[in-house]
Amino acid sequence: MLASLAAAYTTIMMPNSQECYLERMKVNDHFSISFETAGKMPIEFFITDSHNAHIYSMPLAGEGSHSFISTSEGRHAYCFKNNAPHEIVVNFNPHGPEEETYLVGHDATPAEQEVRKLSHNVEEVRDHFEFMLFRNEIHDQSVSDTQRRMFHWAILQTLALAGMCGWQIYYVRSLFKIRGVV
């Protein structure tokens, strides 16, 4: 059940853009979120309550996490803002009230609560691992592109060198033909 409640999301933020996500919460609901950007590129992160009052703000961060307990009922928003002139990939893991309710089941025995905490921690590790795989794919693609460009550049240099050698041989032979040596 916990696996269906926890999820990691990835978004590509366009230059000078802002993306907000809403979470419906009741009073005393617990919410937590962690995020990380590819390459640790800085973005602005903030959370607002149902009255659009800022609960938390983290300017220019490449990664972070925050949790809070709602003091008002309604839609709470967590937003990412990209002020950079380039795209930024953001991976975030929100843990809403449903998951938190599952984790702190009031009728659970201490052993069940520990198993739920362990399950939650395993989910966080899995989320982080998924992001690491995503980051690794981006890195592998970048390396592949660089190797391909280097290969094409080496081919171009080889052709230029062979052409230059051919021209020099032709030029030297023509000089000796003019003098009658060859």
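Mentor: Buried means under 20% relative accessible area, exposed means over 50%, and partly exposed is in between (1.4 Å probe, protein chains only). Also, this is a predicted model: local features need pLDDT of at least 70, side-chain atom pairs count only at pLDDT 80 or more, and totals for chains, interfaces and linings use all residues. Residues are numbered from 1 along each chain as its sequence is written, and side-chain values use heavy atoms, with hydrogens and water left out.

Trainee: Okay. Is valine 172 buried, exposed or partly exposed?

Mentor: Valine 172 counts as partly exposed, because its relative accessibility is 39%.

Trainee: Where is valine 172 found?

Mentor: In helix 3, residues 110–179. Helices here are DSSP runs of H or I with at least four residues, strands are runs of E with at least two, and both are numbered from the N terminus.

Trainee: Which patch is Val172 part of?

Mentor: A nonpolar surface patch. Its members are Met164, Trp167, Tyr170, Tyr171, Val172, Leu175, Phe176 and Ile178, with about 880 Å² of accessible area together. Patch residues have over 30% relative accessible area and no salt bridge; nonpolar side chains (Val, Leu, Ile, Met, Phe, Trp, Tyr) are joined within 5 Å, like charges within 9 Å. A salt bridge is a side-chain nitrogen of Lys or Arg within 4 Å of a carboxyl oxygen of Asp or Glu. Areas come from the Shrake-Rupley method with a 1.4 Å probe, and for residues only the protein chains shown count as cover.

Trainee: New topic. How many helices and strands in the chain?

Mentor: The protein chain has 3 helices and 8 strands. From the N terminus, the order is α-β-β-β-β-β-β-β-β-α-α. The chain is more spread out than a compact globule, because its radius of gyration is 29 Å, well over the 16 Å that the globule rule gives for 182 residues. That radius is taken over C-alpha atoms, and the rule is 2.2 Å times the number of residues to the power 0.38.

Trainee: What box do the C-alpha atoms fill?

Mentor: Roughly 105 × 40 × 20 Å, along the principal axes.

Trainee: Which cysteines does the disulfide join?

Mentor: Cysteine 20 and cysteine 79, S to S 2.0 Å. The cut-off for a disulfide is cysteine sulfur atoms within 2.5 Å. Cysteine 20 sits in strand 2 (residues 17–25) and cysteine 79 in strand 7 (residues 74–82), so the pair ties together parts 59 residues apart in sequence.

Trainee: Is cysteine 79 buried or exposed?

Mentor: Buried, at 2% relative accessibility. Cysteine 20 is partly exposed, at 39%.
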